[in-house]
Amino acid sequence: MSKATHIPTGDTPQKPSPFGGKGASKWKIALFILGVLIFAYMIYALGIETIWQNIKDTGWWFAPIIGIWLVVYFINACAWNAIIRNKETPQDTFPSFLKIFKVTISGYSINYITPVVALGGEPYRILEIQGELGSRKATSAVLSYSMMHILSHFVFWMCSIILILFWLRPPWGLAVGCIAAFFVFVFFLYFIFKGYRKGLVAKTFRIVGKIPIVKNKVKKFNEEKFHSFQEIDKNIVNLYTNRKPTFFLALFLEVLARTVSCFEIFFIAKAINIDISLIDAIVVYAGSTLFSNIMFFSPMQLGTREGGLALTLNIMGLSAGLGIYMGLVMRIRELFWIGVGLLLMHIKLPSQQRKPESIKTLAHMKLSDVTETTAVDTNSLMT
C-alpha cells in the first residue's frame with residue numbers, strides 16, 4: 001500500500017477551534033435569531049406606515065438607492081478577497097469569491113444591528129471562512145480587513161475635509177474645527193499603520209491584561225493563546241510589509257466603496273427634486289458618517305445619523321428637515337439589506353475552492369508517488 005502524499009497547507013497545526021463543527025452552527029443560529037429579533041424591533045420602531053409612506057414618496061428611486069449598495073458590497077468583497085488570497089501560499093485553500101461576497105453582505109447586516117462599535121459581524125466572518133483557512137488565518141484575514149475598513153474611513157474623511165475647505169469655504173470657526181479633525185485623523189492613522197507594521201492582537205491583550213479587574217483571567221488566557229496571537233499578528237504584519245501592492249489595492253477599493261456609497265445621498269435628493277452635485281453628496285455623506293461614527297454605541301446609528309445629516313445640510317444652506325427624510329430612506333435601505341444578509345446566512349455555497357498545485361509543489365513530489373496516486377484514483381473509478 002502506498003503512502004499518501006502530503007502537500008503542506010501553509011498553516012501550522014492548531015487545536016480545533018471552539019467555533020468549529022457543531023459549535024459554529026450554534027453560533028450562527030444564535031446570531032441569526034438575535035438579528036431577526038432586532039430586525040423586527042427596528043421595523044416596529046420606525047413604524048410600518050412611516051416606512052410605506054417614505055417608499056411611496058421616494059418612488060422608483062428606491063431601485064438605484066438599494067442597488068448602489070450591491071455595488072458597494074461587491075467592491076468591499078473585492079478588497080477582502082485581495083487580502084485573503086495570498087500568492088505566497090498558492091497551495092492554500094481559499095473561499096470562493098461568491099462565498100466571500102455572501103459573507104460580506106451578511107457580516108455588514110450584523111454590523112448594522114450591533115449595539116456597540118458595529119463589529120458584531122467580525123466573529124461571524126471568522127466562523128464562515130475558518131473551514132478553508134484555519135482559525136488563525138481566518139482571524140488574521142478578518143482583522144486585517146476590519147483595520148483596512150477603518151483606515152479607509154479616515155482616508156475618506158481626510159479627503160472630504162480638504163473638499164469641504166475648498167468647495168464650501170465654511171466660516172472660520174468650522175474651518176478651524178475641520179483642520180483640527182484632520183490632524184486627529186492623522187494621529188489615528190499613525191496607530192493603524194503601527195498595528196500593520198508590528199502587530200495588534202498580542203499587544204492589545206498585554207495592555208488589557210494590566211487592568212486590575214480582569215488582570216488574572218486575561219493573563220491566563222494570553223499565556224494559553226500566546227502562539228496563536230503571534231501567528232495572527234505575523235499574518236497581519238505580512239500584508240503590509242511583504243504584500244504592499246495588495247495592501248494599497250485593498251485600501252483603494254475600500255475608499256472607492258465609500259465614494260460610491262455617496263450616490264445614495266445623490267439619488268435621495270433627486271427623488272424629491274432637490275438639485276445637488278455629486279461633490280455636495282460626498283460632503284453630506286462625509287459629515288453624517290463622521291457624526292454617526294462618533295456616537296458608535298447606537299445600534300443602526302439610531303438618531304445619530306439624522307443629526308449628522310441635518311447639521312451638514314444646514315451648513316450647506318439646505319433645510320435640516322431634509323436630513324430627517326434622508327435618514328428615514330437610508331434606514332429603509334438598511335432594513336432591506338439586513339433582511340437579505342440574514343437570509344444569506346442560511347444559504348450554503350461550495351465551502352472550498354482549492355487552487356491547482358503549483359509546478360514548484362509538484363516538482364518536489366516523487367514520480368513514484370504521482371504514479372501510485374494516479375493508480376489508486378484509477379482503481380477507485382473502476383470499482
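Are Glu132 and Lys99 buried or exposed? In this predicted model, both residues are buried, where buried stands for a relative accessible area under 20%, exposed for over 50%, and partly exposed for values in between (1.4 Å probe, protein chains only).

Residues are numbered from 1 along each chain as its sequence is written, and side-chain values use heavy atoms, with hydrogens and water left out. As the model is a prediction, local features need pLDDT of at least 70 and side-chain atom pairs count only at pLDDT 80 or more, while totals for chains, interfaces and linings use all residues.

Side chains of opposite charge can pair when their charged atoms come close. Searching the whole structure for salt bridges (a side-chain nitrogen of Lys or Arg within 4 Å of a carboxyl oxygen of Asp or Glu) gives 6 of them. One of these joins Glu132 to Lys99, with 3.0 Å between the closest N and O atoms. Glu132 belongs to helix α5 (residues 121-133) and Lys99 to helix α4 (residues 97-113), so this pair ties together parts that are 33 residues apart in sequence. Helices here are DSSP runs of H or I with at least four residues, and strands are runs of E with at least two, numbered from the N terminus.

A salt bridge also links Glu264 and Arg333, at 2.7 Å from N to O. Because Glu264 sits in helix α12 (residues 263-271) and Arg333 in helix α15 (residues 321-344), the pair ties together parts that are 69 residues apart in sequence. Glu264 and Arg333 are both buried.

Turning to Asp275, its salt bridge partner is Lys270, and their closest N and O atoms are 3.1 Å apart. Asp275 is exposed, at 68% relative accessible area, whereas Lys270 is partly exposed, at 25%.
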